[in-house]
Amino acid sequence: MAVKEIKKDIYWVGAIDWDRRLFDELIPLPEGTSYNAYLIKGQEKTVLIDTVDPTKEDDLLDNLDDLEIEHLDYIVANHAEQDHSGAIPLMLELYSEAKIVTNQKCKKMLMEHLLIKEDRIITVNDNDTLSLGGKTLKFIFAPWVHWPETMLTYLEEDKILFSCDLFGAHLAESNLWVDDESKVYFAAKRYYAEIMMPFRKNIKKHLERLKELEIKTVAPSHGQIYSHPEFILSAYREWISDEVENEVIIPYVSMHGSVEEMVYILSEELMRKGITVKLFNLSRTDIGALSIALVDAATIVIASPTVLAGAHPQIVSAVYLANALRPKLKYASVIGSYGWGGKMLENISAMISNLKVEILSPVIVKGYPKEEDYRSLIKLAGKIAEKHKNL
Ligand code: FEO
């Protein structure tokens, strides 16, 4: 995509990655992504805010060529992860006068990950400002959105917040500005679930700090730019709140139908009791969809068969991820089956130490569920409904 002017002397110069389908070799990107870099021309200084993934550095170069940028004073590095910093070495090579502006933690990371020389980096402190001549950048440290070194850059005169990963969405779109809020809401929620959710408490503090700023535009480093920032700010306030929904999510794997039958019995009873149920057959589901459901649900019921004396590997993988994402779940249980023995339940129980949940009695059956197992599942549904009355 060609250069786009956001406001006078402020340009989008990033890249759209229409085809990328996986991030960190883990996170599904059903709608591609973008790496947004921004160029600001002050009366005295020219600055590039973040760069692009190294696979897309030609796009960044073309954009800077289009703008006839022959001199660059600064490159602000809000985050050391390579999808934003990966083209910095090339920029430093082409613009031999340019200095990186970042914080001390990010400086160390850039030196370690990208082998950037120390004398090319200027460090700033939280709340420091940098004048470009008629335009002033303010640096706001915001650790853990998504790594410990992350910061935000606020352009004071134009009231634009360059938020890097925070408020981002993995979306490849030719329109620079948010034009379909419902589509962006879903993509931003997926992004929050997969990347930001473990840092919910940090984000809460950062949002408080942002109240001190008048923000007219939020320009993240993935997805589209928000001209009505309240849309994404209020979505984040909802996601990071301690409120949970009257929802049960059930990730499951069934090999011979026994677990599936248990899942259906439990979910039908939960639905009869007015609880929203979301099933995720892990043999087929997009793991991102499960992550999104974890943002709001009150309860998770993990449903696994027993394989090689333990939980099914697909369950192990999903439970590991759910535990790492630290969702605000309040209750958890395990249901499942075994053929002759094993430690499936112990396996799963040992993997959920990050979940601050009350464990509800599991239902584990030998072979196919029988009359007494149905009763246990109905009892479990009743217990969940009782707990959900107090959400
Ligand atoms: Fe978009 Fe944490 O990088």
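**Helix packing and selected residues**

Tutor: In this predicted model, helix 6 (residues 200–210) packs against helix 7 (residues 229–240) at an angle of about 140°, and their axes are 10 Å apart.

Student: How are helix 6 and helix 7 placed relative to each other, then?

Tutor: They are oblique to each other. Angles over 145 degrees would count as roughly antiparallel, and the angle between helix 6 and helix 7 is about 140°.

Student: Is their crossing left-handed or right-handed?

Tutor: Helix 6 and helix 7 cross in a left-handed manner.

Student: Which residues make the contact?

Tutor: Helix 6 contributes Arg200, Ile203, Lys204 and Leu207. From helix 7 come Leu233, Tyr236, Arg237, Trp239 and Ile240.

Student: Now helix 5. At what angle does helix 5 pack with helix 7?

Tutor: The angle between helix 5 and helix 7 is about 45°, and their axes are 11 Å apart. Helix 5 and helix 7 are therefore oblique to each other. Their crossing is right-handed.

Student: Which residues of helix 5 and helix 7 are involved in that contact?

Tutor: On helix 5 they are Glu181, Val184, Tyr185, Ala188, Lys189, Tyr191, Tyr192 and Met196. On helix 7 they are Phe231, Ile232, Ala235, Tyr236, Glu238, Trp239 and Ile240.

Student: How many of those in the contact of helix 5 with helix 7 are nonpolar, and how many charged?

Tutor: Twelve are nonpolar and three are charged, while none is polar.

Student: Let us turn to aromatic rings. How many aromatic pairs are found in the whole structure?

Tutor: The search finds eight aromatic pairs. One of them joins Tyr236 and Trp239, with 5.3 Å from centre to centre and 55° between the planes, a tilted arrangement.

Student: Why tilted?

Tutor: Only planes over 60 degrees apart count as edge-to-face and those under 30 as stacked, so a pair at 55° falls into the tilted class.

Student: Where do Tyr236 and Trp239 sit along helix 7?

Tutor: They are three residues apart in helix 7, which means that about one helical turn separates them. Tyr236 and Trp239 are both buried.

Student: Which residues do the ring pairs link into a cluster?

Tutor: The cluster consists of Phe167, Tyr185, Tyr192, Tyr236 and Trp239.

Student: Let us look at Phe167. What is its phi?

Tutor: Phe167 has a positive phi of about 70°, although it is not a glycine. Its position is in the loop between strand 15 (160–164) and helix 5 (181–196).

Student: Is Phe167 buried or exposed?

Tutor: Phe167 counts as buried because its relative accessible area is 0%.

Student: And Glu25: what can be said of its phi?

Tutor: Glu25, also not a glycine, has a positive phi of about 55°. It lies in the loop connecting strand 4 (22–23) and strand 5 (27–28). Its relative accessibility is 71%, so Glu25 counts as exposed.

Student: Another topic: where is Glu157?

Tutor: Glu157 is in the loop between strand 14 (151–155) and strand 15. Its relative accessibility is 39%, so Glu157 counts as partly exposed. Apart from neighbours within four places in sequence, Glu157 is in contact with Gly134, Lys135 and Thr136.

Student: How far apart are Glu157 and Asn281?

Tutor: They are 124 residues apart in sequence, and their C-alpha atoms are 50 Å apart in space.

Student: What about Asn323: buried or exposed?

Tutor: Asn323 counts as buried because its relative accessibility is 11%. Asn323 is part of helix 10 (residues 313–325). Leaving aside neighbours within four places in sequence, its contacts are Met351, Ile352, Ser353, Asn354 and Leu355.

Student: Finally, the protein overall. How many helices and strands does it have?

Tutor: The protein has twelve helices and 24 strands. Its C-alpha atoms fill a box of roughly 80 × 40 × 35 Å along the principal axes. Of its 391 residues, 57% count as buried.

Key. Residues are numbered from 1 along each chain as its sequence is written. This is a predicted model: local features need pLDDT of at least 70, side-chain atom pairs count only at pLDDT 80 or more; totals for chains, interfaces and linings use all residues. Side-chain values use heavy atoms; hydrogens and water are left out. Axes are lines fitted to C-alpha atoms, for helices over the stretch in contact, and angles run from 0 to 180 degrees between N-to-C directions. Helices (H or I, at least four residues) and strands (E, at least two) are DSSP runs, numbered from the N terminus. Angles under 35 degrees count as roughly parallel, over 145 as roughly antiparallel, 65 to 115 as roughly perpendicular and the rest as oblique. A crossing is left-handed if the near helix is turned anticlockwise from the far one by less than a right angle, and right-handed if clockwise. Contact means heavy atoms within 4.5 Å. Buried means under 20% relative accessible area, exposed over 50%, partly exposed in between (1.4 Å probe, protein chains only). Rings of Phe, Tyr and Trp (its six-membered ring) pair if their centres lie within 6.5 Å; planes under 30 degrees apart count as stacked, over 60 as edge-to-face and the rest as tilted. Ala, Val, Leu, Ile, Met, Phe, Trp, Tyr, Cys and Pro count as nonpolar, Asp, Glu, Lys and Arg as charged, and the others, Gly among them, as polar.
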